[in-house]
Amino acid sequence: MKSHHLSWLVISLSFNMGLSAVVQAEALPDKQVELNAKAKQEGQTYLTPAPLSAIPEGEFGDKVRLGYQLFVNSQQMRDAYVGNNLNCSNCHMDAGRRANAAPLWAAYFAYPAYRKKNDKVNSFEERLQGCFTYSMNGKPPGSASKELVALSAYSYWLGMSGLMLQAGVDGAVPELSDSELLKGGKRDEMPLPESIKNVMTLEQRASLPGKGYPKIAKPAQAYSPERGKKVYVAHCQSCHGDDGQGYETLGVYSLPPLWGPQSFNWGAGMHRVNTAAYFIYENMPFGKSYQLSNQDAWDVAAFINAQERPQDPRFKGDIKALKGQYHKHQGYYGSSINGHKELGSKAYPINPKRSD
Amino acid sequence: MSALLMLSTASYAAMPPQAALCGSCHGPQGQGVDPLGPRLAGLPSDYIVKQIKLFQSGKRQNVTMQPMAMTLQGDAIVAVAEYFSAFDVPMVTPHLRGEKAVYKDPTEQLVYQGDWQRVIPACVTCHGPSGHGVGEFPRLAGQQASYIKSQLLAWKEDTRSGDQNGVMATIADKLTSAEIDALAKYFSELK
């Protein structure tokens, strides 16, 4: 009788937890679910967006330019929408123009996208909001806000100008309304020159070569933060500091903090060891003056991500529950490693003010 | 007037005896003597320490500076570095990335946006807004043009090294001599 009673309690509890998890997922969906990363292929050619000098004059061009400006100086949104010292361009090289560095032109044509995780179609605007919530540790600008319109316009303009150049289509990039811009480019009704439609399918445009960060092979030995620390000291610290906090000059962190209170939070894609390893192998050290080995890239990604950072915004007071729901991937949230008792237990605040 | 002058110099430490020799080419307050010695004032002291050691080890080559650097040993290295580092240099109103999307001047474009077709990042990414300098990255704003040029050439010719992963050498290798001249002029005029 007693044991029956107990099992009823367990079922009831887990039912309640499950229910609250669903509610929670709807309230704050995981918009940074892992991309299906692809390895680089020999001989791939990448889209090349038009130079910024080709952005047209006028209202539409102004939105594109504002998008660029917000992207490279995201700190102008500090406190309003950004809660750390990062700029978008820290992880998207060449202001979102560079292939294999999560270029905006590839991302734009990949949305709207259906996400299994929250069982809904996410627009480009919603994906951008996810960046603010997690990577920027902030509070996203509202739907159709001028910031989201501008960032969408910049992404669209890069992508469309690149497609037009590739297909040899002359003329200016077709101007879209704000509501169209916010949806993203993976739509049948997306206005596109016929010659582009004829050479590429919707799906091909949604997975342009150079999208995201290229997948690299698994390391020969299991990745290790301990070995990664040595890699960090040898190759990373002159830019990111011996404490990983980057460097500030005149209020600007162009050399960004990699962990701690001013970096991306526990919900950001970059906290996954594999995502960071792909990014690092392809894009670091800056300017590609040196090529880390595959093992070194994995190890240093593990070291950087086995450090405390701002809390996962989906946290509701239970690290283990959150770990079970959102952290079933290659990451250290909730783990005891690298001298930490339980990563996440001393996480820094989400969306703090600069003065905090 | 004289009281003001006294006030403004009183905050600086007395010159360590070992710094006197440096002052003959770099100026007693590290202000630089063109073309004998670059400005040291306002450079991060860690950067100066590192450079003295690089001269001593031969990773950075210069016929004058190598024997000069050898005269500094032990605590004197840090003392001299801190002495020159502490002098104020004029503030430059920083130009922030994103203030402009389009740079008509190709030199400014290199400084603030880089040239990623050649994998050249913007200079200001490491050297800070308007080249103010931070950490191991020296201040470029207001430095002598002749010195900036000679150093970019030294990186190119491998007579200067000691940067982590060869970052600066890799970038300098990609710069044309016209770009080097233009960059040297651009930064020297940021005052």
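**Salt bridges, domains and the chain interface**

Modeller: A:Lys40 is partly exposed, at 44% relative accessibility; buried is under 20% relative accessible area, exposed is over 50%, and partly exposed is in between, with a 1.4 Å probe and protein chains only. This is a predicted model, in which local features need pLDDT of at least 70 and side-chain atom pairs count only at pLDDT 80 or more, while totals for chains, interfaces and linings use all residues. Residues are numbered from 1 along each chain as its sequence is written, chains are lettered from A and ligands numbered from 1 in the order in which they are written, and side-chain values use heavy atoms, with hydrogens and water left out.

Biologist: Which residue does A:Lys40 form a salt bridge with?
Modeller: The partner is A:Glu282, with the closest N and O atoms 3.0 Å apart. A salt bridge here is a side-chain nitrogen of Lys or Arg within 4 Å of a carboxyl oxygen of Asp or Glu. A:Lys40 sits in the loop between helix 1 (2–27) and helix 2 of chain A, and A:Glu282 in helix 12 (residues 273–283) of chain A, so the pair ties together parts that are 242 residues apart in sequence. Helices (H or I, at least four residues) and strands (E, at least two) are DSSP runs numbered from the N terminus.

Biologist: And is A:Glu282 buried or exposed?
Modeller: A:Glu282 counts as buried, at 14% relative accessibility.

Biologist: What about A:Asp178 and A:Lys63?
Modeller: Their side chains meet in a salt bridge of 2.7 Å, N to O. A:Asp178 belongs to helix 7 (residues 178–183) of chain A and A:Lys63 to helix 2 of chain A, so this pair ties together parts 115 residues apart in sequence. A:Asp178 is partly exposed at 31%, and A:Lys63 is partly exposed at 22%.

Biologist: Changing topic, what is A:Arg314 doing?
Modeller: A:Arg314 lies in the loop between helix 13 (294–305) and helix 14 (319–326) of chain A. A:Arg314 is buried, with a relative accessible area of 2%, and its side chain is joined to that of A:Asp312 by a polar contact of 2.7 Å. A polar contact is a pair of N or O atoms within 3.5 Å; within protein, one must be able to donate a hydrogen and the other to accept it, and residues adjacent in sequence count only if both atoms are side-chain atoms.

Biologist: Which domains does chain A have?
Modeller: The assignment gives domain 1 (52–206) and domain 2 (225–327); such bounds come from an automatic or database domain assignment. The C-alpha centres of domain 1 and domain 2 of chain A lie 25 Å apart. Between these two domains of chain A there are zero salt bridges, but seven residue pairs are in polar contact, both at pLDDT 80 or more.

Biologist: How much area is buried between chain A and chain B?
Modeller: About 2,600 Å², of which carbon and sulfur atoms give 64%. Buried area is the accessible area (1.4 Å probe) that two parts lose on being put together, summed over both. In chain A, the residues A:Ser238, A:Leu250 and A:Phe286 lose the most area to chain B, together 23% of what that side buries.

Biologist: How many salt bridges and polar contacts are there between the chains?
Modeller: Between chain A and chain B there are zero salt bridges and 10 residue pairs in polar contact, both at pLDDT 80 or more.
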